[in-house]
Amino acid sequence: MANPGYGKWSATDQRPRTAGDFAHLPPREAAVAAYIDRLPDGADISVKTLAKVLPYGQCALRTALNNLQQAGHLRRGSEHVIGSGSAHWVTRTFFSRTPRDDAWWAAFTRGDTPPEQPRKTRSRAFVLLAALGRTAPAPSLSATDCAALGPYVTTWFDRGATEAQLLHALTDGLPVPVHHAAVLVRTRLTVKMPPERVIPPIPRAVLRVLECMKCGAPGRAEALPGGECGPCRGEQVPVPAGSRGIPSGQVRDRMAEVRAAMAARPARARK
């Protein structure tokens, strides 16, 4: 594990792990990404540590990490520790199993990445209701009944109920005979409905600042496309209009003026 405040940190909104997560990467980068993906948060992923366990040298690993950054899997930066009571920042290497573009990383630093879509439960509810006849023949339902009762089952799922709990509530202690299965199931779904779950408060957005992968200069995510700043990408840095800098062709003339001004100053009287 890395020292406190350093190491790998998983980005939010990760998709489930699959065998082809890194199939779009070259073999070396795919192997490094797969290894980092399975490390816990806080693990040391410096090139020196990775070189001890992976069959690549430090230079090759540094290049692989840069390539993972270009592919949208990795960013380096800092994160403010919420609840620390002070302006305490820690260094992070953010890793995403899912490749992300620059716009997503910019949203990630602001803490406003789109939440995952809620899981659809209507089809799951329909399947459970349609299977009641195999669990207990008496409450067999038609397709119309399953579609009409589906929202009730969806509410149960939204409140944290499991399929086993639903089946127990709908099939335990059935009367004999069952004259109206749909009415019986609707009554049980309504009367035995579990209470609503308490929704925890939304946590405050985490403050993050990204850094250039090459020189380590901090900057806004929009100014670090691909994880690199403008100078490291070879861009010329414009000089502000109000800059007090002296053009290179006028340095000698300016120095001559300074020397002349110093020679013209009267000597201070000694006491």
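I looked up F108 and found that, at 1% relative accessibility, F108 counts as buried, where buried means under 20% relative accessible area, exposed over 50% and partly exposed in between, with a 1.4 Å probe and protein chains only. The model is predicted, so I note that local features need pLDDT of at least 70, that side-chain atom pairs count only at pLDDT 80 or more, and that totals for chains, interfaces and linings use all residues. Residues are numbered from 1 along each chain as its sequence is written, and side-chain values use heavy atoms, with hydrogens and water left out.

I then searched the whole structure for aromatic pairs and noted 5 of them; rings of Phe, Tyr and Trp (its six-membered ring) pair if their centres lie within 6.5 Å, and planes under 30 degrees apart count as stacked, over 60 as edge-to-face and the rest as tilted. The rings of W104 and F108 are stacked, because their centres are 5.5 Å apart and their planes stand at 10 degrees. W104 and W105 make an edge-to-face pair, because their ring centres are 5.2 Å apart and their planes are at 90 degrees.

I checked W104 as well, and W104 is buried with a relative accessible area of 9%. Ring pairs link F94, W104, W105 and F108 into a cluster.

Last, I looked for charges over rings, which requires NZ of Lys or CZ of Arg within 6 Å of the ring centre and within 35 degrees of the ring normal. The charged end of R208 sits over the ring of F108, 3.9 Å from its centre, and R124 lies over the face of F157, at 3.8 Å from the ring centre.
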